[in-house]
Amino acid sequence: MDNHYHLLVETPDGNLSSGMRQLNGVYTQYANRAHNTVGHVFQGRYTSILVEKDSHLLELCRYIVLNPVRARLCVHPP
């Protein structure tokens, strides 16, 4: 994935938004310095999904692991 990533996070506090802002901001600064560029690195704002069932958690894990294969970036999951 060259313009986004998938991340599965469990947080007991309601602080996901500030954590994602920090993660994306720090990485964007690093990437822009490393590549001598400016501006956004990732496509759009992050999306969060509340997972309440084990079956949904397993489905998300499968999706995240198989996404690079389905995008033809690799032959086998990493």
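R72 sits in the segment after α2. Its phi is near 60°, a positive value in a residue other than glycine. Most residues other than glycine have a negative phi. Is R72 buried or exposed? R72 counts as exposed, at 76% relative accessibility. Buried means under 20% relative accessible area, exposed over 50%, and partly exposed in between, with a 1.4 Å probe and protein chains only.

A word on the source. This is a predicted model, where local features need pLDDT of at least 70, side-chain atom pairs count only at pLDDT 80 or more, and totals for chains, interfaces and linings use all residues. Residues are numbered from 1 along each chain as its sequence is written, and side-chain values use heavy atoms, with hydrogens and water left out.

Next, N36. N36 lies in the loop between α1 and α2 (54–70). N36 is not a glycine, yet its phi is positive, about 55°. N36 is exposed too, with a relative accessible area of 72%.

Now α1 itself. Helices are DSSP runs of H or I, at least four residues, and strands are runs of E, at least two, numbered from the N terminus. Helix α1 covers residues 16–35, 20 residues in total. From first C-alpha to last, α1 reaches 28 Å, close to the 28 Å expected at 1.5 Å a residue. That expected span is 1.5 Å times one less than the number of residues.

Which residues of α1 are buried? They are M20, T28, A31 and N32. Seen down the axis, the buried residues of α1 fall within an arc of 95°, so they line one face of the helix. The arc is that of the directions from the helix axis to the C-beta atoms. The face turned away from that buried side carries exposed Q22, Y30 and R33.
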